[in-house]
Amino acid sequence: MQKLKDAILTRGKAINQDVLLVDAFLNHQIDPALMRDVGEAFARHFAGGGYDRVATIESSGIAPAVFTALAMQLPLVVLKKQTSRIMTGELLQTTVRSFTKGTEYQLTVKRDFLREGEKVLLIDDFLASGEAAFGVLRLCEQAGAQVGGVGIVIEKAFQAGRKRLDDLGLDVLSLARVRSMSPGRIDFLD
Ligand code: 5GP
């Protein structure tokens, strides 16, 4: 998606060879028009896939996931990285290692919001090692639901996540695939 690549090149910043800062348009300040286009691009690709629900992980996946769910007319569930006292009812949880923080968190969802038999479309901001996506796969399995597709805004193609998801036979669409990067330089795969 050219508009997204342009945003990455002009407003993104490679901090080093592994971490891309996109806080100017994706996960701190948000560009709503770009996120709407991102959501519509996902909706075009995944339309007709028989999805029952969109799922994302708080907080950076929410903006692209809302526009995807809106365009596909599907409910959206936000998987939480933290529980709270007001999160009552039966909870499903799995431990995920955070790529950016280097720590672990409990990915959590109310069972009511992820139902048995549902086909789930996962939307997230980044794909790196695939740990977050595999956490979502495990939660869906616990719920008796199944992830059928994964929409990623920015894939770091030099990390392991894409291959791990492809190996499962999932329909994976990344709107921008970063081949390599270093401070001052970002190269895309296609
Ligand atoms: P993974 O679990 O695939 O290793 O990493 C995915 C998660 O880590 C994403 O949901 C995203 O929040 C975060 N992440 C991974 N790489 C980057 C990056 O280069 N920049 C930013 N801003 N977040 C990242």
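**Entry 1: ground rules.** I am working with a predicted model, where local features need pLDDT of at least 70, side-chain atom pairs count only at pLDDT 80 or more, and totals for chains, interfaces and linings use all residues. Numbering runs from 1 along each chain as its sequence is written, and side-chain values use heavy atoms, with hydrogens and water left out.

Entry 2: I looked up the largest pocket and found about 790 Å³ of space in it. A pocket here is an open set of points on a 1 Å grid over the protein atoms alone, where a 1.4 Å probe fits, with protein on both sides within 12 Å along at least five of seven lines. Points are joined across faces, edges and corners, and the volume is the space filled by probe spheres set on them.

I then checked the lining (residues with an atom within 4 Å of a point). It has 35 residues, and Ser60, Lys81, Ser98, Thr100 and Asp125 lie nearest the pocket centre. Among the elements giving two or more residues are strand S5 (91-97), strand S6 (104-110) and helix H4 (131-143). S7 gives the most, with five residues. Helices (H or I, at least four residues) and strands (E, at least two) are DSSP runs, numbered from the N terminus.

By class, I noted 15 nonpolar, 10 polar and 10 charged lining residues. Nonpolar covers Ala, Val, Leu, Ile, Met, Phe, Trp, Tyr, Cys and Pro; charged covers Asp, Glu, Lys and Arg; the others, Gly among them, are polar.

**Entry 3: salt bridges.** My rule was a side-chain nitrogen of Lys or Arg within 4 Å of a carboxyl oxygen of Asp or Glu. The count comes to 11 salt bridges.

I looked at arginine 11 and aspartate 31, which pair at 3.0 Å, N to O. Arginine 11 lies in helix H1 (residues 2-11) and aspartate 31 in the loop between S2 and helix H2 (32-46), so this pair ties together parts 20 residues apart in sequence. Arginine 11 is partly exposed at 36% relative accessibility, while aspartate 31 is buried at 17%. (Buried is under 20% relative accessible area, exposed over 50%, partly exposed in between, with a 1.4 Å probe and protein chains only.)

Next came glutamate 118 and arginine 53, at 2.7 Å, N to O. Glutamate 118 sits in the loop between S6 and S7 and arginine 53 in strand S3 (residues 53-57), so the bridge ties together parts 65 residues apart in sequence. Glutamate 118 is buried at 10%, and arginine 53 is buried at 7%.
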